[in-house]
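This report covers a model of two chains, taken feature by feature. Please keep the sequence and the structure at hand while reading.

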Amino acid sequence: MRSQGRGSTGRRGNAFLEFTLVGIPLMFILISVFEVSRVLWQYNTAAHAVREGVRFAAVHGNNCAVAPNSCSTTVGQVAQRIAFHGAGVVPADLLNVQFIWGEADQPAAFTCPDLQTCLTGGGPAGQWWPGPAPGGTSIGGAFFRMPITIRAQYRMRSAIALFWPGSRPVRAGTFLLPVSSTEMIHF
Amino acid sequence: MGGNRRRRGQALVMVTLALFAMLGLMGLLVDFGWAFFVEKMSQNAADAAALAAVQAALQAAGSLAGTSCSGGVVVCAPTPISCASATGNLAAGCQYALRNGFDWTQPDTTVTVQASDRLTPPTVAGCNPLTYHPPTAPCVDTYYWVTVRVARQVPQLFSAIRGNRTGLVSSRATAAVAQSTTVGSLIILNRDNDPWIGSTGTVLDNTGNAVVRAPGGITIASGDTVDAGHLQGNSHAIAAFTWIRAGGNVRLQGNATWTAAPVNQNTSSSIPSDTNPYNSPFVDPFYGKGQPPLDTAELGALPGIAVPNGDLTTAICPGGICPPGVYYATEIPRGCSVNCVPQPSGGPIKIWQGNFQFQASNFNTGNFVFFGGLSIGQAQVHFSPGRYVLAGVNRTYTEYVFETTNQSLITGGSTAAGTHDTGRLFILTDEQYAFDQLAAARSKVAGQLPDLVFGKAKLIAGNSAQSSITLQGLNRLSSELPLALHEFSPVLFWQDQRNSNYRYNSDGTYGCADFNAACPQSTADGRGNPNPEFWMQATQFLNIWGATYQPRGAWMQLQGGNLQTGPIQVVTGAVRLQGGSDLTLTGVETPIVDFVASLVE
């Protein structure tokens, strides 16, 4: 009985020690798994949103401005498309959204400091992109069958940084996920 | 011990509970991830299917006019139908959905197609300016469109808890026969080896003090390594851009400048090369379209109108109104002294004085054929909407199939934006035109026409409003314009492709497989002896809205001392500028376009 009791007491101590030794890394791993999943999830969503945005722009190119067509779009409208398809993507965290056109060696771009700015009509939201204004003459910003690109950086706040030794004061770390999509102008 | 026993199993309960939540979350992630993946796949499938269906339709139809639902060439489906019952070009499109992994015979997958032409509902007539657009792509003017919807039921792990075992993922894409803009307002087609009056290979030759401005851009198809473009003296070229085919250079002498600096194209992957001549900026924008068709039925109904000595008078045009008809000059044969009957001479129809209007009730009945050409002197002439065929010259009389002097007051249409009528098309040709479309008109001539050959054209504007030229080309925004001519809008002057130093095939494609080779006319498909010059003396009283078209191998001479600005697109083989002409080619609202299959939504 005594030995049993001693053994039992020893096992109790072991469990506590084991939990301490195993529990912390386990929690870390568990949270890491969640966080990496969340990062991938956010990255995929942001990439998907940008891809949808560029696809939308690709069918609203130069030909949209040539009479009688009047389907030209603005940077703001493309931004709305990105926001619509980015479920869970915080517009204020999608930074440096660049709307790029032109040859690789002479590119030009409109840049929203963040998507929210362009959603609310700020920045270059009013600029016609990728084609010119409706009723404009034959030549606009981007030509038929030329590539257009939307590039952005998604700002992630990750809880993993909480576990990083020496990070004081304790706060969620941020890092940037670059997303980009290119398509030829279809129309 | 008892407490110990109670604690035992608690972890199991907690882990079990936590497992439910964790597995649930995992299920949610898998559901979303899989749905995203399937959505991306379905969008690709819908895009490919819609585009393929329209491409197949365009290929089968061959022309815009063939894309009508009633034509029996393309398949229409006003309401969405399953791919299982699709036929023709729609079935062809469906194959692309299948190849992209969406098999509509599977119970979890549906693929539907919907298609219509320009005027059949559900095509919507709306927007300002008016467009005929698919319901899913507002304000995109189309001639035929296909919408493909691809949907698949995906299994649900998370939502299955609440009984939703499947979720629906779907995508939609619309493709259409829509217009695609041709690049450039000065389009120069000659290549390195095509002969013209200028130096071979130099296709934009500015020898005087002329300034040419092309805000819509210049494209030069010559790849001459020394001087595809040549400016000297105080001449200048000013354009938003100048594209020269790979290898080509410009030569600047004296004070000449060229802004923006020309750039070579065709090396870049984003500018299609000659491998697709239908989409190359250095190939005739009307490549493969043939020539603007005449309405042969209307031609057959025209009266033949004999014009004694070619002098147009009020005896022929009562009150100065000249009706549609086949006009030809007649003369008493030389040397005839008794019982002389006037015979067709092949001389030009001359309007050297007076006030005349070529008048028709609408564009389609406005068909005027002038055997021997048209010469306008100190007269007022108005051209109502229609086709004007200048059908060859008898070189005993003149070498010009169309000629004006600086005393003429010529009107027809409006050059101001938004006020255009259906427009007019002047066809500069010989007595046959493409596939001998003038046979019906020749049969209206009483007597034997002499052989009429190609002639030059000369358009000279005067120096006052009383001696000005205002002419407006074809306007595809007008509902009156026949569908067959939409592809040729906004052309005003069309020079026969056979009247050129370069050979075209009858379908409007280039005559030689090597596009860079000289390709002279052969007697088989040309009439030989071309006269491919267009002389334009521009002043500020030359107001043209539209495009002048000359085939590759022809050329334009521009001369003048005054500013001439206008919404003009010039397509020609080569250009020589002389004198102090200052020419500005601003953009046309409805520029030359190609009709292509394109995704529009």
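## Cis peptide bonds

B:Pro490 sits in the loop between strand 31 (469-472) and strand 32 of chain B. Strands, like helices, are DSSP runs numbered from the N terminus: a helix is H or I over at least four residues, a strand is E over at least two. The peptide bond from B:Ser489 to B:Pro490 is cis, with omega near 5°. Another cis bond joins B:Pro121 and B:Pro122, where omega is about 15°. B:Pro122 belongs to the loop between strand 2 (109-117) and strand 3 (124-126) of chain B.

## Basis and confidence

This is a predicted model: local features need pLDDT of at least 70, side-chain atom pairs count only at pLDDT 80 or more, and totals for chains, interfaces and linings use all residues. Residues are numbered from 1 along each chain as its sequence is written, while chains are lettered from A and ligands numbered from 1 in the order in which they are written. The model scores ipTM 0.75 and pTM 0.80.

pLDDT is the predictor's confidence in each residue, from 0 to 100. Chain B averages 86, and 95% of its residues score at least 70. Within chain B, helix 1 (residues 2-7) has the lowest confidence, at a mean of 53. Strand 32 (residues 491-495) of chain B has the highest, at 95. In chain A, confidence is lowest in helix 1 (residues 2-58), at a mean of 78, and highest in helix 2 (residues 75-85), at 92.

Where pLDDT is low, the predicted coordinates should not be read in detail. In chain B, pLDDT stays under 50 over residues 267-272. A contact requires C-beta atoms, placed from the backbone, within 7 Å.

Chain A has a stretch under 50 at residues 1-7, with zero contacts beyond four places in sequence. Residues 137-142 of chain A also stay under 50, but the model has 27 such contacts for them.

## Overall build of chain B

The secondary structure of chain B comes to five helices and 39 strands. Its C-alpha atoms fill a box of roughly 145 × 60 × 45 Å along the principal axes. Of the 601 residues in chain B, 52% are buried. Buried means 20 or more other C-beta atoms within 10 Å of the residue's own; exposed means 12 or fewer, and partly exposed lies in between, with C-beta atoms placed from the backbone. Among contacts between residues at least 6 apart in sequence, 67% join residues at least 24 apart.

Chain B is divided into domain 1 (19-181) and domain 2 (182-290 + 505-515 + 550-593). These bounds come from an automatic or database domain assignment. The C-alpha centres of the two domains lie 41 Å apart.

Helix 2 of chain B has 52 residues and reaches 75 Å from its first C-alpha to its last, close to the 76 Å expected at 1.5 Å a residue. The expected span is 1.5 Å times one less than the number of residues. B:Gly62 follows helix 2 with a positive phi, near 80°.

Helix 3 (residues 88-99) of chain B has 12 residues and reaches 17 Å, close to the expected 16 Å. Its buried residues are B:Asn89, B:Leu90, B:Gly93, B:Cys94, B:Tyr96 and B:Ala97. They lie on the same side of helix 3 because they cover an arc of only 150° around the axis. The arc is that of the directions from the helix axis to the C-beta atoms. These buried residues pack against helix 2 (10-61), strand 1 (77-82), strand 2 and strand 5 of chain B. Just after helix 3, B:Gly101 takes a positive phi of about 100°.

## Nonpolar core

A nonpolar core is a set of buried Ala, Val, Leu, Ile, Met, Phe, Trp, Tyr and Cys residues joined through C-beta atoms within 7 Å. The largest one has 194 residues, and B:Ala49, B:Ala50, B:Ala53, B:Val54, B:Ala175, B:Val389 and B:Leu390 touch the most other members. Helix 2 of chain B gives this core its largest share, 13 residues. Domain 1 and domain 2 of chain B each supply at least three residues.

B:Ala53 touches residues including B:Leu90, B:Gly93, B:Val113 and B:Ala175, not counting those up to four places away in sequence.

B:Cys139 has phi near 65°, positive in a residue other than glycine. B:Cys139 lies in the loop between strand 4 (131-133) and strand 5 (142-155) of chain B. B:Cys139 is partly exposed, with 19 other C-beta atoms within 10 Å.

B:Asp436 has a positive phi too, near 50°. B:Asp436 is in the loop between strand 29 (424-429) and helix 5 (439-442) of chain B. B:Asp436 counts as exposed because 11 C-beta neighbours lie inside 10 Å.

Technical notes
Two residues are in contact if their C-beta atoms, placed from the backbone, lie within 7 Å.
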